[in-house]
Amino acid sequence: MRLDQALQQRGLVASRSAASRLIQAGAVSVDGKPATKASLEVFEQSSIELSPSPETEFVSRAGAKLAGVFKARPELDAKGYWVDFGQSTGGFTDCLLRQGAERVLGFDVGHEQLSPKLREDSRVCCIEACNLRNPWPAIRNIDHMEQSNMQTLRIIDRDGQSDEQTQLADLSSFDAQWPIAGAHGVVIDVSFIALSYVMPQAIQCIRPGGCCIALIKPQFELGADPVLRKRWFKNGLVRESIKLQGMLEDLVAPFKNMGLDFDVNKDVLASVLAGTSGNQEYFLLARRNRVKQAPLTAPSNKQRPMKNIPQPRSDP
């Protein structure tokens, strides 16, 4: 049997591609000797060992990417309730739990991808076959928030349309432990789709002042336009150029109008690990704008829903 097949069969890796990356990184040994080829023939009695590496620290290498963000920004607090968009094997979820998250609600379009270790963890709720582009089944409007205590957030249902920046998803139908005030943060790792398709739904999960950490994959943000792809790609990899920074800025700029607060010059970080094909990826770190209640007025059928007023950023 091939070494990469044996690694997957023994449950040491999630896929043969992951096995190949480990072998290339020099993290695999067979019968005490370093292995350098995925095609190496191994036997049932062969001893296979993995050395510590970013590829093996978490249930998937995505966990090492997110860990790099927390290392670069030690002031980030992962405690509380988090939502994982594009949970897949659970690398981000694994990292959040190690960083102190109390509970993680994960969504993914696939089936049976979550690591058994996390599937059995009582702190993890996994929702599969979920198209994150679809609107949430229940939405509430943020009416008021005591800035000093997030637990006193009061939200009310309204009829008619309202500003998206004042909306909060009610995900209690997915998880009975969903906090009425919303999640403390959301992490996003989606593939074969642009972030703009899922960002509105992600923001609606976060309580005002909560954190959004989104993985930007330029290879999926450029779309299928052959002219753009010829300009930006070479041998399947995104070209590194001085124009790339401008592209990233243009990509994240619309998210401010959706209710996120960030500094594009400081809050877009390079991932410590490249994508599986070798593309450099980036993280956007942002917080959801806080909402302040306007003075109470007499109710009127003609009164339009109140717009949110951005407040200075502060930790929840």
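Rings of Phe, Tyr and Trp, the last by its six-membered ring, are said to pair if their centres lie within 6.5 Å; planes under 30 degrees apart count as stacked, over 60 as edge-to-face and the rest as tilted. With that in mind, colleagues, I turn to the model.

The model is predicted, with local features needing pLDDT of at least 70, side-chain atom pairs counting only at pLDDT 80 or more, and totals for chains, interfaces and linings using all residues. Residues are numbered from 1 along each chain as its sequence is written, and side-chain values use heavy atoms, with hydrogens and water left out.

A search of the whole structure gives eight aromatic pairs. Strands here are DSSP runs of E, at least two residues long, numbered from the N terminus.

Phe107 also pairs with Trp136: the ring centres are 5.2 Å apart and the planes are at 55°, so this pair is tilted. Trp136 sits in the loop between strand S6 (124–127) and strand S7 (139–144), 29 residues from Phe107.

Phe107 and Trp136 are both buried, that is, under 20% relative accessible area with a 1.4 Å probe and protein chains only.

Which residues do ring pairs link into a cluster? They are Phe85, Phe107, Trp136 and Phe174.

Note on methods: Helix = DSSP H or I, 4+ residues; strand = E, 2+ residues; numbered from the N terminus. Buried < 20%, exposed > 50% of the residue type's maximum accessible area, 1.4 Å probe, protein only.
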